[in-house]
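Here are my notes on this one, as numbered points. Have the structure open while you read.

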Amino acid sequence: MEDSAKISTAFRAAFPVTVPILAGFAFLGIAYGVFMNVSGFGVGYTFLMSLLIFAGSMEFVAVGLLLGPFNPLGALLLTLMVNARHLFYGLSMLEKYKGTGWKKPYLIFGMCDESFSINYSANIPQGVDRSWYLFFVTLLNHFYWVAGATVGGLLGSFVRFDLKGLEFVMTALFVVIFVEQWMKQKIHHSAIWGITISTVSLVLFGGDRFIIPAMIAILAVLTLTRKASERRAAEAEGGERA
Amino acid sequence: MIMTLGQQIAVIAVVVLGTMATRFLPFLLFPPGRPTPAYIQYLGRVLPAAAIGLLVVYSLKDVNILAGSRGLPELVSVAVVVWLHLWKKNMFLSIAAGTILYMLLIRM
């Protein structure tokens with residue numbers, strides 16, 4: 001069976017890179033499930049929301065929306081704001097997700113921060129099917145999150161182990177991917193702008209509302225520096241060939 | 001005031017819809033069949049580095065540098081992750097060491 005060999009090879013290549021997410025999502029997922037439980041929602045809600053929304057921070061925000069007054073338009077606007085960063089991920093993945101067939105809608109549906117960053121920076125080994133690899137990274141991450149949340153929802157307030165700080169595994173993952181990208185690229189202006197503008201925006205606007213201004217400023221700067229940036233990229237290419 | 005089941009379902013559906021809109025929109029606007037505008041291709045090349053930078057800052061957004069430990073555990077742990085990764089280039093080592101260090105630092 002050529003097909004099942006192809007699938008299992010892709011699974012075995014994808015699983016190791018998702019292990020940090022397993023640790024992070026087990027912790028954050030359980031925290032979310034416990035939070036839902038103490039907010040008065042049964043495990044059915046936790047399971048369905050983690051399965052269908054699959055955007056960690058938005059699911060925490062959604063608990064507040066469900067406990068407040070009924071305001072669907074406000075809920076929509078807040079969701080668009082909290083999740084606007086996914087627009088950047090989509091633009092970044094237009095090429096990478098090309099030719100993935102029936103898996104593509106699921107890859108896009110499951111493109112949370114972690115799946116995006118892993119799939120974007122993936123060094124897929126020779127001989128491993130690309131679309132199955134991307135699919136398993138997304139599926140495993142989705143599974144960890146739903147499983148963690150459901151376990152948290154079932155255990156509820158009985159959870160008493162001290163894992164404070166384990167959430168840093170996500171920060172560490174993003175930092176590692178940032179460093180990997182840095183080492184791969186010859187031109188660093190976009191990475192530097194991303195960090196600088198986001199930090200300035202965070203200081204100016206605070207944690208709850210810094211993303212949209214940061215995105216607008218990043219887009220503006222990258223657009224204004226396009227000519228210079230493409231010239232430098234061409235020079236770097238030429239330098240490599242020489 | 002507590003919502004009815006129907007209202008709860010409506011709110012959850014709106015959140016799902018809003019999230020999916022942000023994920024699907026670029027793919028719907030620029031389908032593979034048609035040539036993607038050069039400007040969008042350019043953004044596709046340069047945005048990822050900036051987006052991952054944004055993600056790093058986003059994951060640290062709740063750090064308060066004016067109170068408590070003043071962000072020192074985060075600063076030290078991030079620096080160790082960067083240094084370890086530049087040195088050993090081992091993803092698991094960098095992430096595990098950085099996280100364990102952070103968990104120790106916030107307990108001191």
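Is A:Phe54 buried or exposed? I'll take that up in point 1.

1. A:Phe54 is buried, with 24 other C-beta atoms within 10 Å. (The cut-offs: buried means 20 or more other C-beta atoms within 10 Å of the residue's own, exposed means 12 or fewer, and partly exposed is in between, with C-beta atoms placed from the backbone.) The residue sits in the loop between helix 2 (43-52) and helix 3 (56-67) of chain A. Its phi is worth a look: A:Phe54 has a positive value of about 45° although it is not a glycine.

2. Some ground rules. This is a predicted model, in which local features need pLDDT of at least 70, side-chain atom pairs count only at pLDDT 80 or more, and totals for chains, interfaces and linings use all residues. Residues are numbered from 1 along each chain as its sequence is written, while chains are lettered from A and ligands numbered from 1 in the order in which they are written. On confidence, the model scores ipTM 0.88 and pTM 0.84. For chain B the mean pLDDT (the predictor's confidence in each residue, from 0 to 100) is 91, and 99% of the residues of chain B reach 70 or more.

3. Chain A has 12 helices and 0 strands. (Helices are DSSP runs of H or I with at least four residues, strands are runs of E with at least two, and both are numbered from the N terminus.) Along the principal axes, its C-alpha atoms fill a box of roughly 65 × 55 × 35 Å. Of the 242 residues of chain A, 41% count as buried. Take the contacts in chain A between residues at least 6 apart in sequence: 77% of them join residues at least 24 apart. (Two residues are in contact if their C-beta atoms, placed from the backbone, lie within 7 Å.)

4. Chain A is assigned two pieces, domain 1 (2-183) and domain 2 (185-242), with bounds from an automatic or database domain assignment. Their centres, taken over C-alpha atoms, are 26 Å apart. Where they meet, 7 residues of domain 1 of chain A are in contact with 6 residues of domain 2 of chain A. On the domain 1 side, helix 5 (85-93) and helix 9 of chain A are the elements giving two or more residues, and helix 9 has the largest share with 3 residues. By class, that side has 5 nonpolar, 1 polar and 1 charged residues. (Ala, Val, Leu, Ile, Met, Phe, Trp, Tyr, Cys and Pro count as nonpolar, Asp, Glu, Lys and Arg as charged, and the others, Gly among them, as polar.)

5. Chain B comes to 4 helices and 0 strands. Its radius of gyration is 21 Å, whereas a compact globule of 108 residues would have one near 13 Å. (That radius is taken over C-alpha atoms, and the globule rule is 2.2 Å times the number of residues to the power 0.38.) The C-alpha trace of chain B spans about 50 × 50 × 25 Å along its principal axes, and 39% of its 108 residues count as buried.

6. How do the chains meet? In total, 69 residues of chain A are in contact with 58 residues of chain B. Helix 9 (residues 168-184) gives the most to the chain A side, with 13 residues. That side has 46 nonpolar, 16 polar and 7 charged residues.

7. Now zoom in on helix 2 (residues 38-59) of chain B, where B:Ile52 has its place. B:Ile52 is buried, with 29 other C-beta atoms within 10 Å. Leaving aside neighbours within four places in sequence, the contacts of B:Ile52 include A:Phe174, A:Ile177 and A:Phe178.

8. Which residues touch the most other members of the largest nonpolar core? Of its 93 residues, they are A:Phe174, A:Val175, A:Val176, B:Val15 and B:Ala50. (A nonpolar core is a set of buried Ala, Val, Leu, Ile, Met, Phe, Trp, Tyr and Cys residues joined through C-beta atoms within 7 Å.) Helix 1 (residues 2-38) of chain A supplies the largest share of this core, 13 residues. Domain 1 and domain 2 of chain A each give at least three residues to this core.

9. B:Lys89 lies in the loop between helix 3 (72-88) and helix 4 (91-105) of chain B. With 13 C-beta neighbours inside 10 Å, B:Lys89 counts as partly exposed.
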